[in-house]
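Hello,

Here is the structure I promised to pass on. Please open it and read the notes below alongside it.

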Amino acid sequence: MQLLEIDSPIKEIKGYNQKIKFEPGHDYTLKYEVIKINPADTITWKFAGVE
């Protein structure tokens, strides 16, 4: 499974995070910057298979 799935063509994606060990019961913040090819596009995405 991909961690981040995007349904439209994009120009670039950047992920901002540190080395993280994911553990149950904890909350995490991950930041992604997605640059669209067409500014008018609407991007739909899933994270870990969830919309």
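pLDDT is the predictor's confidence in each residue, on a scale from 0 to 100. You will need that here, since this is a predicted model.

Confidence first. The chain has a mean pLDDT of 82. Of its residues, 96% reach 70 or more. Which element has the lowest mean pLDDT, and which the highest? Strand 1 is the lowest, at 79. Strand 3, residues 31–36, is the highest, at 87.

Tyrosine 16 sits in strand 2, and tyrosine 32 sits in strand 3. They are 16 residues apart in sequence. In space, their C-alpha atoms are 6.1 Å apart.

Leaving out residues up to four places away in sequence, tyrosine 16 touches Leu30, Lys31 and Glu33. With neighbours within four places set aside, tyrosine 32 is in contact with Leu3, Leu4, Ile13, Lys14, Gly15 and Phe47. One further distance: tyrosine 32 and asparagine 17 are 8.8 Å apart, C-alpha to C-alpha. Those two are 15 residues apart in sequence.

Tyrosine 32 also belongs to a surface patch. Which residues make this nonpolar patch? Leu3, Ile13, Tyr32 and Val34 do, over about 290 Å². Leucine 3 lies in the segment before strand 1, which spans residues 4–6. At 40% relative accessibility, leucine 3 counts as partly exposed.

Now charge. How many salt bridges are there? The count comes to one. The side chains of lysine 14 and glutamate 12 form a salt bridge, at 3.9 Å from N to O. The pair qualifies because the cut-off is 4 Å. In general, side chains of opposite charge can pair when their charged atoms come close. Lysine 14 is partly exposed, with 35% relative accessibility. Glutamate 12 is partly exposed too, at 33%.

Then serine 8. This residue lies in the loop between strand 1 and strand 2, the latter spanning 10–16. Why is serine 8 called buried? Its relative accessible area is 18%, and buried means under 20%. The side chain of serine 8 makes a polar contact of 3.0 Å with the side chain of aspartate 7. Beyond its neighbours within four places in sequence, serine 8 is in contact with Thr42 and Ile43.

Last, glycine 49. This residue lies in the segment after strand 4, which covers 45–47. Glycine 49 counts as partly exposed, at 42% relative accessibility. Its C-alpha atom is separated from that of glutamate 23 by 18 Å. Along the chain, glycine 49 and glutamate 23 are 26 residues apart.

If you look at one place, start with tyrosine 32.

Best wishes

Key. Residues numbered from 1 in each chain as written. Predicted model: local features only at pLDDT ≥ 70, side-chain atom pairs only at ≥ 80, totals over all residues. Heavy atoms only, no water. Helix = DSSP H or I, 4+ residues; strand = E, 2+ residues; numbered from the N terminus. Buried < 20%, exposed > 50% of the residue type's maximum accessible area, 1.4 Å probe, protein only. Patch = residues over 30% accessible without salt bridge, like charges linked within 9 Å, V, L, I, M, F, W, Y side chains within 5 Å. Areas by Shrake-Rupley, 256 points an atom, 1.4 Å probe, with all protein chains shown as cover. Polar contact = N/O pair within 3.5 Å; in protein donor to acceptor, adjacent residues only side chain to side chain. Contact = heavy atoms within 4.5 Å.
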